[in-house]
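Thanks for coming. Please look at the structure first.

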Amino acid sequence: MALHQNLIGGAWAGGDAVPNINPSDTNEVVGEYARGTADDVKAAIAAAKAAFPAWSRSGILERHAVLKKAADEIMARKDELGALLSREEGKTLPEGTGEVIRAAQIFDFFAGETLRLTGETVPSARPGIGVEITREPLGVIGVITPWNFPIAIPAWKIAPALCYGNTVVFKPADLVPGSAWALVDILHRAGLPAGVLNLVMGKGSIVGQAMLESPDLAGITFTGSTGTGKRVALSSIEHNRKFQLEMGGKNPFVVLDDADLGVAVEAAANSGFFATGQRCTASSRIIVTEGIHDRFVAALTERLAKVTVGHAMEKDTHVGPVVDRNQLRQDTDYIEIGKQEGARLAFGGALLDRPTPGFYLQPALFTEATNQMRIAREEIFGPVAAVIRVKDYDEALATANDTPFGLSSGIATTSLKYATHFKRNSEAGMVMVNLPTAGVDFHVPFGGRKGSSFGPREQGRYANEFFTTVKTAYTLP
Ligand code: NAD
């Protein structure tokens with residue numbers, strides 16, 4: 001099997017081969033991928049630094065052409081890349097293909113942004129002097145990404161980085177190098193000059209850590225767990241560099257007495273369990289007012305009984321396997337914790353046998369949970385959700401906000417009054433009304449509050465807040 005190598009300074013380079021395993025069938029090796037070293041990181045950062053002066057001054061048409069070409073190739077290969085993604089991560093084929101389409105849309109969007117760069121000219125406080133305010137690229141950006149969106153998250157970091165004239169060292173999650181490698185290959189062939197985009201695959205403790213320790217990164221954009229995010233923050237303060245963190249979530253989905261039951265059940269099932277519950281925007285706290293509680297739980301349980309868990313590539317599968325053995329252990333540990341805490345396991349939670357060996361877990365729904373239980377406070381990151389019964393809207397809102405996280409939130413209601421109040425008072429970066437907490441557009445800001453995020457928003461035009469720095473120039477003609 002061919003070894004997929006790292007890309008450093010425009011050349012594909014060595015590394016130990018490690019297999020990329022399919023979580024739907026652990027006998028299947030998706031491919032062999034290189035594992036980089038700290039020296040590879042140093043070489044990649046040096047190459048990106050050398051490439052920065054020319055790329056940061058490149059014409060907007062050059063940058064537009066590369067990003068557009070990449071967008072077109074990703075879209076043209078959506079089925080093949082979607083299959084690769086599903087094989088390495090375990091989300092279903094429609095979810096994998098949908099994510100690839102989103103990556104193409106993101107590159108298309110930022111190709112367009114290269115043609116819409118603006119600045120401001122304003123009068124000086126001193127007559128006769130001109131003032132210009134412009135945005136400039138930062139320099140070399142470190143991109144560190146998690147395993148749960150193997151192509152979309154790299155896309156929404158790399159596309160704006162390149163669009164605004166930065167160069168990049170990209171370290172994907174160790175579990176999903178396949179989609180990352182394919183994306184870098186596409187961008188490389190689309191015409192990026194050597195060193196503008198470098199790929200170093202491998203372990204967080206080696207490759208990621210070497211990036212954190214480098215004094216030559218002007219910024220790090222990170223998505224992953226809260227613990228690693230803190231390391232990114234501390235190292236960045238030490239090196240006086242900009243950083244952006246997207247981390248965990250414990251997203252609430254509120255169901256009020258006046259909700260449309262069908263809408264509420266569909267949104268809760270989607271938020272909690274689709275993509276195997278492995279979305280940072282997944283909802284694992286379902287907060288339900290007492291008038292609808294029993295009907296809602298009965299309907300959601302009935303809905304979950306119809307969910308087919310299976311091989312990600314099979315047509316009838318609704319929910320694929322958990323990504324790996326460690327994550328599966330975390331999920332089942334939390335199911336035990338929930339039982340010990342006194343919540344009632346109303347549905348699921350069993351390990352499932354399928355024709356191929358994989359990490360198959362039945363969606364697990366707890367009821368009679370309280371917001372103080374660990375299953376309601378800590379991110380599980382699997383197909384496990386807990387229903388919390390509350391008296392009324394006020395208690396629902398207070399419970400929704402009583403969390404260290406603040407990424408996304410949702411409410412099912414037919415009341416304009418409550419929907420409006422919730423949008424205004426929910427302490428989350430993204431709020432959904434009668435929609436799942438997960439599932440966002442590619443062209444508008446993405447990000448959270450409190451322990452979920454730090455720094456400017458990602459995606460859409462707001463991406464320029466992280467990927468550029470402002471310059472104010474004064475001229476006396
Ligand atoms: P993780 O923190 O373990 O890993 C994220 C990345 O950091 C990986 O590339 C990893 O190799 C790297 N890394 C690990 N240790 C490092 C170190 N010492 N130095 C530098 N880099 C290091 O997270 P994960 O398990 O891959 O992803 C799951 C987490 O990501 C969940 O908490 C989830 O909520 C979060 N997530 C958040 C968002 C969001 O936008 N808020 C989106 C997706 C996932």
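Domain 1 (3-247 + 452-475) and domain 2 (251-433) both contribute residues to the shell around the ligand, so the ligand lies between them; the domain bounds come from an automatic or database domain assignment. This is a predicted model, where local features need pLDDT of at least 70 and side-chain atom pairs count only at pLDDT 80 or more, while totals for chains, interfaces and linings use all residues. Residues are numbered from 1 along each chain as its sequence is written, and side-chain values use heavy atoms, with hydrogens and water left out.

Now the shell itself. There are 27 residues around the ligand, and T145, S225, T228, M247 and E379 come nearest; a residue is near if one of its heavy atoms lies within 4 Å.

Next, the polar contacts, meaning pairs of N or O atoms within 3.5 Å. A polar side-chain atom of W147 is 3.0 Å from an oxygen atom of the ligand. For G204, a backbone N or O atom lies 3.4 Å from an oxygen atom of the ligand. In the side chain of Q209, an N or O atom is 3.0 Å from a nitrogen atom of the ligand. How much of the ligand does the protein bury? Alone, the ligand exposes 840 Å², and the protein buries 88% of that, with areas from the Shrake-Rupley method and a 1.4 Å probe.

Definitions and conventions. Polar contact = N/O pair within 3.5 Å; in protein donor to acceptor, adjacent residues only side chain to side chain.
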